[in-house]
Amino acid sequence: MVNFRYHLVSLIAVFAALAIGVVLGAGPLQARLGDAFSSSDSGGGTQDQSEQLASAKRDLAAQDDMVQAVADRVLPSTLEGVATVTVALPGADTADVKSVGEDLAAAGADLVGAVSLTENWQSQDMSQYRDTLATPIASHLSSPPPTDATSDAVIGYALVDVLTSTGSEQDLLSDMLTDATTPILSVDQDPQGKAQAIVVVGPRDAGTSTDGDTTQSGAANPSVSAWAGLARAVASAPAGGVVLGDASRPDSMLSQVRTQGVSVTTVDPVGTRMGSLSAVLALRDAGSGQRSFGVGEGAEDVLPPFPDSDE
């Protein structure tokens with residue numbers, strides 16, 4: 001009993017420290033890094049500035065080490081046998097998708113596939129095409145979409161159908177989404193309809209258009225409707241879905257999804273060990289409605305609930 005209590009208390013302490021570390025890492029530590037880089041770029045690279053940069057890097061490295069220690073302790077068996085697929089959004093860093101895949105594997109999930117969405121999925125310039133495509137797609141879905149579903153949501157439901165079920169209708173939907181002339185979907189590793197859960201990984205800096213043409217991440221006219229529609233759809237996966245992305249600003253796409261009240265689990269910040277770990281932990285209860293974890297705009301809790309120590 002003493003050993004169990006010690007294990008439980010130590011685990012809670014680690015997570016409390018982790019939460020503090022994440023908040024610091026997303027704020028003061030990142031600011032220190034930015035200030036140090038800015039000073040170096042302006043030509044004022046003094047010894048003090050170099051020491052500040054080195055200190056900030058050490059702090060961030062220590063934070064990553066702490067997150068890894070927590071991951072090693074709490075991830076095993078949390079998603080044992082759950083067939084999962086990753087969906088990379090335009091501009092998503094391959095390293096971030098890989099990190100999520102590694103954490104899913106560590107949690108015991110069966111990573112059955114990986115797909116990517118193209119700019120045609122989110123470009124406002126292609127919204128009319130998606131409106132036209134949604135009509136035939138809706139007639140081939142395994143279940144009728146909600147009556148208030150947008151065209152972008154219908155396309156999202158089609159993606160979920162293709163990833164989580166099989167049959168002639170799903171084959172037809174896949175053909176529509178991967179059409180060579182205007183592809184929306186690119187299949188990197190075909191899940192063959194076996195997926196139960198979906199993890200969406202967005203780019204590190206995804207915001208609404210700030211100059212009428214592009215965002216800081218370089219995406220052409222991204223559509224909030226596309227993001228919200230996909231988020232709504234992935235939540236309908238048999239074992240739920242999670243959207244991992246950027247919520248660093250009010251105009252960030254993930255922030256906009258949260259603002260719209262989409263019933264889905266969202267996690268930020270993408271591109272961090274904390275974000276990857278949280279996305280995998282959040283997948284355990286991804287069917288619990290609208291939940292938001294992280295330190296960005298609209299986040300309600302820093303960390304998802306973690307497994308009981310006796311599980």
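Student: Where is Pro269 found?
Tutor: Pro269 is in the loop between strand 6 (265-267) and helix 11. Helices (H or I, at least four residues) and strands (E, at least two) are DSSP runs, numbered from the N terminus.

Student: And before we go on, what sort of model is this?
Tutor: It's a predicted model: local features need pLDDT of at least 70, side-chain atom pairs count only at pLDDT 80 or more, and totals for chains, interfaces and linings use all residues. Residues are numbered from 1 along each chain as its sequence is written, and side-chain values use heavy atoms, with hydrogens and water left out.

Student: OK. Which kind of peptide bond joins Asp268 and Pro269, cis or trans?
Tutor: That one is cis, with omega at about 0 degrees.

Student: What does Gly245 touch, leaving out residues up to four places away in sequence?
Tutor: Both residues of that cis bond, Asp268 and Pro269, are on the list, together with Leu254, Val267 and Val270. Contact here means heavy atoms within 4.5 Å. Gly245 and Val270 are 25 residues apart along the chain, yet 4.8 Å separates their C-alpha atoms.

Student: Is Gly245 buried or exposed?
Tutor: Gly245 counts as buried, because its relative accessibility is 0%. The cut-offs are under 20% relative accessible area for buried, over 50% for exposed and partly exposed in between (1.4 Å probe, protein chains only). Gly245 is placed in the loop between strand 5 (241-244) and helix 10.

Student: How much of helix 11 is buried, then?
Tutor: 10 of its 10 residues, 273-282, so helix 11 is largely enclosed by the rest of the structure. The buried set includes Arg273 and Ser276 as well as Leu277 and Val280.

Student: Switching to the core. Which residues have the most contacts inside the largest nonpolar one?
Tutor: Val87, Leu117, Ile137 and Ile198, in a core of 46 residues. A nonpolar core is a set of buried Ala, Val, Leu, Ile, Met, Phe, Trp, Tyr and Cys residues joined through side-chain atoms within 4.5 Å.

Student: Which elements give two or more residues to this core?
Tutor: Strand 1 (83-88), strand 2 (110-117) and strand 4 (197-201) do, along with helix 6 (127-138), helix 7 (151-164), helix 8 (168-177), helix 9 (224-234) and helix 10 (253-259). Helix 7 provides the largest share, nine residues.

Student: What is Ile198 in contact with, leaving aside neighbours within four places?
Tutor: Its partners include Val85, Val87, Val160, Leu163, Val234 and Leu283. Apart from this core there's another, of 28 residues, with Leu75, Ala107, Ala197 and Ala286 among them.

Student: Why is strand 2 largely enclosed by the rest of the structure?
Tutor: Because six of its eight residues are buried.

Student: In which sense does strand 2 pair with strand 1, parallel or antiparallel?
Tutor: Parallel, over six bridges. Two strands count as paired if DSSP finds at least two bridges between them. Val87 of that core centre stands opposite Val115 in strand 2. From strand 1 the chain crosses through helix 4 (residues 94-106) to strand 2, a right-handed β-α-β crossover. Right-handed means that, with the strands pointing away from the viewer, the path from the first strand over the helix to the second runs clockwise.

Student: And strand 2 with strand 3, parallel or antiparallel?
Tutor: Antiparallel, over four bridges, with strand 3 at residues 185-189. Ala114 has Gln189 as its bridge partner there.

Student: Cavities next. How many of 30 Å³ or more turn up?
Tutor: One, in a search of the whole structure. The largest cavity has a volume of about 40 Å³. On a 1 Å grid over the protein atoms alone, a cavity is a set of points where a 1.4 Å probe fits but cannot get out, and lining residues have an atom within 4 Å of a point. Points are joined across faces, edges and corners, and the volume is the space filled by probe spheres set on them.

Student: What lines the largest cavity?
Tutor: Leu117, Trp121, Ile155, Gly156, Leu159, Leu177, Ile184, Leu185 and Leu230. Helix 7 gives the largest share of that lining, three residues.

Student: Last one: what is phi of Ser77 near?
Tutor: Near 75 degrees, a positive value in a residue other than glycine. Ser77 is in the loop between helix 3 (47-74) and strand 1, and it is exposed, with a relative accessible area of 51%.

Key:
1 Å grid on protein atoms, 1.4 Å probe; cavity = no way out; pocket = protein on both sides within 12 Å on 5 of 7 lines; lining within 4 Å.
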